[in-house]
Amino acid sequence: MFHRVRGAAVAALAAAALLAPTGAANAAAAAEDPEAAAPPLRDLAAESGRFFGLGISGPMLDQPQYTAIASTEFSSVTPGNEMKWGSVEPTRGSLDWTGADRIVDFAEEHDQEVHGHTLVWHSQLPNWVANGDFADGELRQVMTDHVTTQVGRYAGRIARWDVVNEPLNEDGTLRDTVFLREIGPGYIADALRAARAADPGARLYINDYNTDGVGAKSDGMYELVRSLLDQGVPLDGVGFQSHLILGQVPSSMRANLQRFADLGLEVAVTELDVRMQLPADAAKSRQQAADYGAVVGACVAVTRCTGVTIWGFTDADSWIPPTFPGQGAALPWDENYQPKPAYHAIVEALGGDPAPEPEPGACVADYRVTNRWNAGSTVDVRITTTRALAGWTVTFDLPVGESVVSSWNTSLTQNGTTVTARNAAWNGTVGAGGTLGFGFQTDSGAVYGAPVPALNGTVCTGAGNA
C-alpha cells in the first residue's frame, strides 16, 4: 500500500487532477478530504525514482480538460510530432521551432522533464531529405548538422533524446532507410556522437517497436547496442515503444528489459498503449487493465528501468483509430476524460492503493420497452447515478437477432449483441443523484428479459421490463 506523506501543494495538485474531468462533486470531496483524491501518477512513480510520462499533443494544449490532467499526472512529456525533422525543417534551411518550444515551455512551467523525440527516423522526414539527390558524404553532414542544431538548441533542457528511432526490421536486421543507403550502418554511431557533443548532459536512447519481448527483433537490438557499446559509442538507454494489442503483453517482457539493463543501460517504456477491437466492453476493459499493470509492473521490477510513458492519455486524442480502423479505446482515460480500469491498474502497479470496489447501488438502471409491435419496439433507458459525471458510457447486451435501427439523446453503436450508448455533446454532465436518459428503436418485437446496463464500467442494479 502506498503511504501518503506529502505537503499541501501536492495535495492541491492531486485535487486539481481529479477536479478537471469529474466536476464540482469531486471538488467538494477533495476539499473536505484531500487524502480521498488519488495521488498523481508522477508522485507514485517518483516513490521508486522513476518518471511517469505522457506522449503529449501540442494542439490539445488548447483544451483546458486536457491540460489540467497533462500538467498534474505526468513528470515527463514526449512531443508527439513537434520535434520530428519534417516539423522543424520542412524546407532546407528553414527552421520552425514553434511547436517544440511550446511543449518545452509547458513542461518547464509544470516541473516536467522532456523526452526529445526524435532526431533520426526514416518516417516523417521532409521531402528534401527523404528524396534528396545528395553528393557522396553530403547526407552524413546534413544529418550531423541537424542533430547538432536541434540538440544544441535545447541543451540543458532535454532529459533524454530518442536519437535514432526504429532502425530495425522485424527480423532484427537494419531497416532500409535513406540513412543506411547513403551513409551506411555507421549513421547510428554518427548520430549518437553528434548528440553527445551537442549536449553532454542529455541521456541518449535508441527506440523501437515490437522489441518488448525476447525475439528476433529484440535480439537484433541487443546485438546492435552491444556493438555500439563495444565501439565506445555514447549510448545511455534503449526505449521499448510497447504499442500493444489487447491480451498480448509478452510474457518475457521483464526478462527482456533486464538483459538490456544488464549491459549497463537504462531502459524505458516509451510509447505505451493497448488497443482493442471496438466496441469496448467490461471484459475487454479488465484485460486492458491487466495488460497495463503487467507492463508497468515489469518496469518497476527492473532496477534500471527509468520510467514509463503512455502515448496519449485520453481516447479523445489517440493515433490508433485512424491507423487501425475498427480498433481503439487504447488509453487509460476515456474520451470523456474519465479514468478507466487501466488507470487504476497503473496506480496499483506503481505501489498505490487498489481501486475501491464499486459501491452497491452506485447506479440504478430502469430499462423499459415502452412500445412493441410485430416488426419493432421502442426502448427507454434511464440511469440514476450516485456520483457526478462529466461524461457517460452505458453498455448492455440485446438478444441475438435484436438490432437497433435508430436512437435519440445518445451516440449509440452496436457490435453483435453488445450495445454501447455514449452521451451526446449536450447531456454528458450529470450531478450526483441525477438521472441520464436515452432511447432507441429496434427491428424486432420479440419479448426478452430486461438487460442490466453498466455505467462507465460499473454494473448497475436494475429495474424495468422488456
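**Second largest cavity.** I looked up the volume of the second largest cavity, which is about 40 Å³. A cavity is a set of points on a 1 Å grid over the protein atoms alone where a 1.4 Å probe fits but cannot get out; grid points are joined across faces, edges and corners, and a volume is the space filled by probe spheres set on the points. The model is predicted: local features need pLDDT of at least 70 and side-chain atom pairs pLDDT 80 or more, while totals for chains, interfaces and linings use all residues. Residues are numbered from 1 along each chain as its sequence is written, and side-chain values use heavy atoms, without hydrogens and water.

I listed the lining (residues with an atom within 4 Å of a point): V120, W121, H122, V164, N165, E166, P167, T177, F179 and Y187. β3 (113-121) and β4 (160-165) each give two or more residues to this lining; strands are DSSP runs of E, at least two residues, numbered from the N terminus.

**Second largest pocket.** I read a volume of about 570 Å³ for the second largest pocket. A pocket is an open set with protein on both sides within 12 Å along at least five of seven lines. Of its 26 lining residues, K84, H243, E271, W311 and W319 are the closest to the centre.

**D334.** I found D334 touching T314, D315, A316 and K340, leaving aside residues up to four places away in sequence; contact means heavy atoms within 4.5 Å.

Technical notes
Helices (H or I, at least four residues) and strands (E, at least two) are DSSP runs, numbered from the N terminus.
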